[in-house]
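This report looks at charged side chains and at a pocket. Please have the sequence and the 3D view open while reading.

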Amino acid sequence: MVNIGNSWDDILAEEFKSEYYLRLREFLKREYAQQTIYPNMYDIFNALKYTAYEDVKVVIIGQDPYHGEGQAHGLCFSVKRGIAPPPSLLNIFKELQNDVGFRIPNNGELTDWTSQGVLLLNAVLTVRAGQANSHRGMGWEQLTDAVIRKLNEREKPIVFMLWGRNAKEKQKLITNSRHLVLTAAHPSPLSAYNGFFGCRHFSIANGFLAQTGQEPIDWSISDK
């Protein structure tokens, strides 16, 4: 069974025993045996592994993993060092540059953010190679809804960044007025000019964190 290795194990224990998750698990066993699936099965829960429940300050919600070879590693929008940053991530970097003076790095790995409390969560955690949204509707959405509901219960305020239609579907789960919900178009080249560029979510998030007595996020990415 799942072993995340931090507080999420207890928080999501009932989800991992539920009927929908057991069905999803059987589906994934077949998929990984018969198809090329991303990310590697050991990376599926990296978003939760890298950012424990009590450490979350900012949540960024993506759609599903990148479906190109070597790209997905369990964190939305992130790719490992040595993999060219995809267009959506490059647009995130452009907005960061305009918003907070971000220096464009030589890689697209966002683990520097996760260690500061940024949960990089896709709505769906697996995908077939070359087939975006191919695991949509198989049960992942119920699990990630549960993650958002649990975070919604938190007393310490959180910033939720919801970019694009899929992410905005989670907004109805965030009912706690302590939290800040920021919405914008998806950073994809198809939609970034319809409201992602200029949204200034990164500086707004840091302002909110400072107002609520929390350390702002250093959005810079180290060159390694």
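## Charged pairs and a pocket

E14 is exposed, with 56% relative accessible area (exposed means over 50%, buried under 20%, partly exposed in between, with a 1.4 Å probe and protein chains only). This is a predicted model, in which local features need pLDDT of at least 70 and side-chain atom pairs count only at pLDDT 80 or more, while totals for chains, interfaces and linings use all residues. Residues are numbered from 1 along each chain as its sequence is written, and side-chain values use heavy atoms, with hydrogens and water left out.

The partner of E14 in a salt bridge is K17 (a side-chain nitrogen of Lys or Arg within 4 Å of a carboxyl oxygen of Asp or Glu). Both residues belong to helix 2 (residues 13-17) and sit three residues apart, about one turn of the helix; helices are DSSP runs of H or I with at least four residues, strands are runs of E with at least two, and both are numbered from the N terminus. The whole structure has 10 salt bridges, including these:

| Pair | Closest N and O atoms |
|---|---|
| E14 and K17 | 3.5 Å |
| R200 and D99 | 3.4 Å |
| E169 and R165 | 3.6 Å |

R200 is partly exposed at 40% relative accessibility, whereas D99 is buried at 8%. E169 is partly exposed at 34%, and R165 is exposed at 60%. Shared partners join R136, R165 and E169 into one network of salt bridges.

Helix 5 (residues 87-100) also holds E95. E95 is buried but has no salt bridge, and R200, its nearest side chain of opposite charge, is 6.0 Å away (Lys and Arg count as positive, Asp and Glu as negative; His and the chain ends are not counted). A polar atom of the E95 side chain lies 2.9 Å from the backbone nitrogen of R200 and one lies 3.4 Å from that of C199. Leaving aside neighbours within four places in sequence, E95 is in contact (heavy atoms within 4.5 Å) with F196, F197, G198, C199, R200 and F202.

Strand 2 (58-62), helix 5 and helix 8 (165-168) each supply at least two lining residues of the largest pocket. Helix 8 gives the most, with three residues.

Methods
Polar contact = N/O pair within 3.5 Å; in protein donor to acceptor, adjacent residues only side chain to side chain.
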